[in-house]
Amino acid sequence: MTASAAETVCRVMVFARAPTPGEAKTRLIPALGQAGAAALHRRLVMHCLRAAADSRLGPVELWCAPGTGDPFFLECERRLGASLHPQGEGDLGARMQRAFESALARARRAVLVGSDIPALSAQYLCDADHALEQGDDAVIGPAEDGGYVLIGLSRCDPELFRDIPWGGPEVLAETRRRIAALSWRCRDLPALWDMDRPEDLERLPEELRTR
């Protein structure tokens, strides 16, 4: 770890796509329309960034796709103080690995979350960091659909992210197998749900429905 990394204990990273109508939250378009799905996506990203800021764990990074130039991302930087980083090329695993390598070069610990987690809270993020602080190598926030909504690491290995069947029901189980094969200590947080399908709209908190 470099001297500069020692200055920051934890970095919180949020992964998000630009809220382009027709490209954001496409599975919600039948229920909300293109503009409505994109608007909900914007609210969810803001919600996750606010939770990250409220956690006060350390610098908040917004990792953007396809790039950092979308006006919404610039608004997030201006309003919430998140630094912007391009996700870059490759599948989700390659982009996550890149983000962790960047963060762990500058901090002892790093936590990464998606941008579609209505139940995400500052306390949930603090609980993840606490697990790492207590000596766990990894911490996972399971998703109800078989993936995960959060992963935190104090070290990084490409095997955690290579050739994972992203988007399928085996993501969490396969990631746990990889962590076990590395002989790492890992802790699970309580499972959360992510906003993905029209039926999930019934669970959406009122404050995220319209704004």
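Modeller: With the radius of gyration, which is taken over C-alpha atoms; the globule rule is 2.2 Å times the number of residues to the power 0.38. With 211 residues, a compact globule would have a value near 17 Å, and the protein chain has 16 Å, which agrees. This is a predicted model: local features need pLDDT of at least 70, side-chain atom pairs count only at pLDDT 80 or more, and totals for chains, interfaces and linings use all residues. Residues are numbered from 1 along each chain as its sequence is written, and side-chain values use heavy atoms, with hydrogens and water left out.

Biologist: How many helices and strands does the protein chain have?

Modeller: Helices (H or I, at least four residues) and strands (E, at least two) are DSSP runs, numbered from the N terminus. The protein chain has seven helices and seven strands.

Biologist: Which residues of helix α3 are buried?

Modeller: In α3, residues 71-80, these are F72, F73 and C76. They lie on the same side of α3 because they cover an arc of only 100° around the axis, the arc being that of the directions from the helix axis to the C-beta atoms. P71 and R78, on the other side of α3, are exposed.

Biologist: What comes just after α3?

Modeller: G81, which takes a positive phi of about 75°.

Terms used. Buried means under 20% relative accessible area, exposed over 50%, partly exposed in between (1.4 Å probe, protein chains only).
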